[in-house]
Amino acid sequence: MRKLAIVFMMAVLTSAVPTIGFAAPSASPDRVETVQDEDSLADVADVLPTDSDDVEALISPVESEGFHQSLKRKFIEGNAGFMSLVALALILGLAFCIERIIYLSLSEINAKKFMADLEEKIMSGDMEGAKAQCRETRGPVASVCYQGLMRVSESLDEIQRGVVSYGQVQVGNLEKGCSWITLFIAMAPSLGFLGTVIGMVMAFDQIQTAGDISPTIVAAGMKVALITTIFGIIVALILQLFYNYILSKIEHLTAQMEESAISLMDMLAQYKQGKQKGEA
């Protein structure tokens, strides 16, 4: 019995030795996560800059690109040659628009007050005073009235023909330079379309050279090509707004001339009838 007990104890100890000798110390889940976190922090610390200036540059928000910088960049991307032509059309068109606006603004007067003063002088027989008033007043209304007063000794039909003819001359002076504005309105998008077509041809040349239809090549070429069209349309819209404003002022002055001419003919008719009655 004693030998059996010793053998049994030896068997138990033999089966327990591998487990005791080769068992690794178990690590808790919290410990494993801590070790992983420490490794990740060490990797991030190696990447982050250590200089204070670099840290401030990394933390500071990225400034948005200004309008002028963005416009300049787009201008350069759209091929400076064609974009310069579009910009030249804008500058010349605006120059003509500003000149016409200044001229038309200086030509405007208070037509009702002017005709009331003129009627007072004509009805009183002061023709020289009426002519002096027309000479001292700027604008097409005064010029048309002056031409009618210069023919006061002629018949009403002759006066009317002279006033109508000189009115057409004044309308031509008001519309002077408008044809150039319409030319630049038409040229701006045309130059933009021309730049677009040439840009697309250049993009296809790049595709042929590369030997492959790459989305990057196609997108870059089409982007550059379409920028000229965008700027051309914008220039045409800007000039069209000024042109419509100029046309409205011309129509207003033309209506004033027609109304003043009719009033002048009525005044001269009454003056002639009163003069004939006085002579009779």
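These legends walk through several close-up views of one protein chain.

This is a predicted model, in which local features need pLDDT of at least 70 and side-chain atom pairs count only at pLDDT 80 or more, while totals for chains, interfaces and linings use all residues. Residues are numbered from 1 along each chain as its sequence is written, and side-chain values use heavy atoms, with hydrogens and water left out.

**View 1. The protein chain is built from 11 helices and zero strands.** Helices (H or I, at least four residues) and strands (E, at least two) are DSSP runs, numbered from the N terminus. Of the 280 residues, 29% count as buried. Buried means under 20% relative accessible area, exposed means over 50%, and partly exposed lies in between (1.4 Å probe, protein chains only). The accessible surface of the chain comes to about 18,700 Å², and 64% of it belongs to carbon and sulfur atoms. Such areas come from the Shrake-Rupley method with a 1.4 Å probe; for residues, only the protein chains shown count as cover. What share of the contacts with a separation of 6 or more links residues 24 or more positions apart? In this chain, the share is 78%, where contact means heavy atoms within 4.5 Å.

**View 2. The largest nonpolar core has 45 residues.** A nonpolar core is a set of buried Ala, Val, Leu, Ile, Met, Phe, Trp, Tyr and Cys residues joined through side-chain atoms within 4.5 Å. Look for Phe114, Leu118, Ile122, Leu149, Ile246 and Leu264, which touch the most other members. The elements giving two or more residues to this core are α5, α6, α7 (127-136), α8, α9 (156-174), α10 (178-210) and α11. Helix α11 provides the largest share, 15 residues. Zoom in on Leu118: leaving aside neighbours within four places in sequence, Leu118 is in contact with Ala130, Gln133, Cys134, Cys145, Leu149 and Leu264.

**View 3. Helix α8 (residues 140-150) is largely enclosed by the rest of the structure, because nine of its 11 residues are buried.** Among these buried residues are Pro140, Val141, Tyr146 and Leu149. Cys145 is another of them, with a relative accessible area of 0%.

**View 4. A search of the whole structure finds zero disulfides.** A disulfide is a covalent bond between the sulfur atoms of two cysteines; here it is counted when a pair of cysteine sulfur atoms lies within 2.5 Å. For Cys145, the nearest cysteine sulfur is that of Cys134, 5.3 Å away. For Cys97, the nearest cysteine sulfur belongs to Cys178, at 8.4 Å. Is Cys97 buried or exposed? Cys97 is buried, with a relative accessible area of 0%.

View 5. Side chains of opposite charge can pair when their charged atoms come close. A salt bridge is a side-chain nitrogen of Lys or Arg within 4 Å of a carboxyl oxygen of Asp or Glu.

- Lys249 lies in helix α11 and Glu108 in the loop between α5 (80-107) and α6 (111-123), so the pair ties together parts that are 141 residues apart in sequence. Lys249 counts as buried at 9% relative accessibility, whereas Glu108 is partly exposed at 27%.
- Arg100 is buried, at 3%, while Glu99 is partly exposed, at 36%.
- Asp117 is partly exposed, at 26%.

**View 6. Helix α11 (residues 215-279) includes Ile230 and also Met265.** Ile230, Ile234, Ile238 and Phe242 make a nonpolar surface patch of about 310 Å². Patches are made of residues with over 30% relative accessible area and no salt bridge: like charges are joined within 9 Å, nonpolar side chains (Val, Leu, Ile, Met, Phe, Trp, Tyr) within 5 Å. Ile230 is partly exposed, at 47% relative accessibility, whereas Met265 is buried, at 15%. Not counting residues up to four places away in sequence, Met265 touches Leu156, Ile159 and Gln160. Met265 and Leu156 are 109 residues apart in sequence and 7.5 Å apart in space, C-alpha to C-alpha.
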